[in-house]
Amino acid sequence: MTLQWAAVATFLYAEIGLILIFCLPFIPPQRWKKIFSFSVWGKIASFWNKAFLTIIILLIVLFLDAVT
């Protein structure tokens with residue numbers, strides 16, 4: 001497996017892990033509300049939005065590279 005596909009696999013595995021953590025039933029909604037109401041999240045939200053869009057564009061380019 002090349003380095004680029006290892007990076008893609010790592011990103012997708014991390015995404016799956018994050019979704020599974022969000023789906024865990026032992027964490028009550030009140031706890032999630034407290035976690036997501038930290039003021040730090042608002043300050044880094046614009047950075048993470050740009051980073052996420054960059055990762056999505058990179059994944060699209062890698063997909064198109066694999067198709068051709």
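The protein chain holds three helices and zero strands (helices are DSSP runs of H or I with at least four residues, strands are runs of E with at least two, and both are numbered from the N terminus). In sequence order the pattern is α-α-α. This is a predicted model, in which local features need pLDDT of at least 70 and side-chain atom pairs count only at pLDDT 80 or more, while totals for chains, interfaces and linings use all residues. Residues are numbered from 1 along each chain as its sequence is written, and side-chain values use heavy atoms, with hydrogens and water left out.

The C-alpha trace of the protein chain spans about 45 × 25 × 15 Å along its principal axes. Its radius of gyration is 16 Å, whereas a compact globule of 68 residues would have one near 11 Å (taken over C-alpha atoms; the globule rule is 2.2 Å times the number of residues to the power 0.38).

Of the 68 residues, 9% count as buried, meaning under 20% relative accessible area, with exposed over 50% and partly exposed in between (1.4 Å probe, protein chains only).

On the surface lies a nonpolar patch whose members include Leu-18, Phe-22, Leu-24, Phe-38 and Trp-41. Patch residues have over 30% relative accessible area and no salt bridge, and nonpolar side chains (Val, Leu, Ile, Met, Phe, Trp, Tyr) are joined within 5 Å, like charges within 9 Å. A salt bridge is a side-chain nitrogen of Lys or Arg within 4 Å of a carboxyl oxygen of Asp or Glu. Helix 1 (3-22) and helix 3 (39-67) each supply at least two residues of the patch, and helix 1 gives the most, with four. Leu-24 sits in the loop between helix 1 and helix 2 (29-36); Leu-24 is partly exposed because its relative accessible area is 33%.

Conventions
Accessible areas come from the Shrake-Rupley method with a 1.4 Å probe; for residues, only the protein chains shown count as cover.
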